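Me: Could you walk me through this structure? I'd like to learn how to read it.

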Amino acid sequence: MRKIILSLAILPLAACGAEGGDTTALTAEELASRTDAASVDFGTDSGEWANDGECDDPRFKGPGMTTTPLLEEDTKADATDCRTAYESGNLTLIE
Ligand SMILES: [Ca+2]
């Protein structure tokens, strides 16, 4: 019984998926259809990885992303890095 409970506790963490950011270059179509940077809520610089020169917010993809595994808590917590990369055409929103 203890094993079952332990498995149930671990499963959501695994499903949460510590995947790295998608650093695939943006297509011309993706760049053209991006939301204007002024309309994007980049959040704050409250994250552990703020101001390290890479976007650590899992809502984005592009060459400006980090390859470090991203967590839910990284969402909207890396404003300056993500805004800078977004304005340079190196990110787009994926959610
Ligand atoms: Ca960062």
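Me: Which residues is Ala-85 in contact with, leaving aside its neighbours within four places in sequence?

Reply: Two residues are in contact if their C-beta atoms, placed from the backbone, lie within 7 Å. Here Ala-85 touches Cys-55, Gly-62, Gly-64, Asn-90 and Leu-91, with neighbours within four places in sequence left out. Bear in mind that this is a predicted model: local features need pLDDT of at least 70, side-chain atom pairs count only at pLDDT 80 or more, and totals for chains, interfaces and linings use all residues. Residues are numbered from 1 along each chain as its sequence is written.

Me: What is in the largest nonpolar core?

Reply: Such a core is a set of buried Ala, Val, Leu, Ile, Met, Phe, Trp, Tyr and Cys residues joined through C-beta atoms within 7 Å. Buried means 20 or more other C-beta atoms within 10 Å of a residue's own. The largest one has nine residues, among them Phe-42, Cys-55, Ala-85 and Leu-91. Its largest share, four residues, comes from helix 3 (residues 79–87); helices are DSSP runs (H or I, at least four residues), numbered from the N terminus.

Me: Where is confidence lowest, and where is it highest?

Reply: Look at pLDDT, the predictor's confidence in each residue, from 0 to 100. The chain averages 87. Helix 1 (residues 2–16) is lowest, at a mean of 49, and helix 3 is highest, at 98. Over residues 10–16 the pLDDT is below 50, and beyond near neighbours in sequence this stretch has one contact in the model.

Me: How much of the chain is buried?

Reply: Buried residues are 26% of the 95 in the chain.

Note on methods:
Buried ≥ 20, exposed ≤ 12 C-beta atoms within 10 Å, placed from the backbone. Helix = DSSP H or I, 4+ residues; strand = E, 2+ residues; numbered from the N terminus.
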